[in-house]
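The following exercises concern a predicted model. Please work through each task before reading its solution.

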Amino acid sequence: MNKLLPSPFLKLVALFFALAGGFLLISNPQIYPDWFLPGITGFGAFVYLFLLILPRLLFRGSITDAEEKHDTLTKLQNVGAIAFVAGFLGTLGLHRLYMIGLPYDRLLHLVLPYLAVIALIRFLSVWYPRPIWYAMFYGVTGILLILIGWEFAEYLSDLYLGTKAFGQGGENLFSDTLWNVGLGALGTLVGSIRIYKKNKKTNY
């Protein structure tokens, strides 16, 4: 497990998902509010746990090549862990803060792509040493595809699982989607510019 979760932070996040997922799956659904779906949320916790260790499963054969590779992979996992916890807390109820004027969901759509694109570009530039433009292109494209895929996944979840993840509580579907994708694209753009400038400064 140390090889899959190489930092105390990652181990703590993994434990959180394991305990939260197990509790939600075995607890009585009737103790929760009508809008909350404990079974789906509990299953989602274990999906997040799997995604947390997935990078090490995919790249475990090469992490001893260089310490820098190990570090960039760990940082990618750390950003993923932050995103997964933030998303999971949203499903636990924080996404409903918009009802009192606190845009929790929109804040995540801005900040998380910013962090993710920086970690992903660094990872790609170290693992696949080519000009920075290659890492930026694939990094930005990957994050944008995740943003669009996430909105589509929310739509399918509402359609087939009975959730109200798409839009704000199942309302304002079009405007909320535009806001989410737009903020995500902005965060991605700012993050990619930041790492490009830092790379350019390092090389001169």
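**Exercise 1.** Determine which residues Leu147 touches, leaving aside residues up to four places away in sequence, and decide whether Leu147 is buried or exposed.

*Solution.* Step 1: with those sequence neighbours excluded, Leu147 touches Pro113, Gly184, Ala185 and Thr188. Step 2: Leu147 itself lies in helix H5, which spans residues 132-161. Step 3: the relative accessible area of Leu147 is 10%. Buried means under 20%, so Leu147 is buried.

**Exercise 2.** Characterise how helices H1 and H2 cross, and classify the residues in their contact.

*Solution.* Step 1: the axes of H1 (residues 8-26) and H2 (residues 38-59) come within 8 Å and cross at roughly 155°. Step 2: angles over 145 degrees count as roughly antiparallel, and therefore H1 is roughly antiparallel to H2. Step 3: the crossing is left-handed. Step 4: among the contact residues are Leu10, Val13 and Phe17 of H1, and Phe43, Phe46 and Leu49 of H2. Step 5: by class, this contact of H1 with H2 comprises 14 nonpolar, 5 polar and no charged residues.

**Exercise 3.** Identify the residues with the most contacts inside the largest nonpolar core, and state which element gives the largest share of this core.

*Solution.* Step 1: the core has 19 residues, and Leu120, Ile121, Phe123 and Ile143 have the most contacts inside it. Step 2: helices H3 (67-91), H4 (104-127) and H5 each give two or more residues to this core. Step 3: the largest share, 10 residues, comes from H4.

Notes: Residues numbered from 1 in each chain as written. Predicted model: local features only at pLDDT ≥ 70, side-chain atom pairs only at ≥ 80, totals over all residues. Heavy atoms only, no water. Axes fitted to C-alpha atoms, helices over the stretch in contact; angles between N-to-C directions. Helix = DSSP H or I, 4+ residues; strand = E, 2+ residues; numbered from the N terminus. Parallel < 35°, antiparallel > 145°, perpendicular 65-115°, else oblique. Left-handed = near helix turned anticlockwise from the far one by under 90°. Contact = heavy atoms within 4.5 Å. Nonpolar A, V, L, I, M, F, W, Y, C, P; charged D, E, K, R; others polar. Buried < 20%, exposed > 50% of the residue type's maximum accessible area, 1.4 Å probe, protein only. Core = buried A, V, L, I, M, F, W, Y, C linked by side-chain atoms within 4.5 Å.
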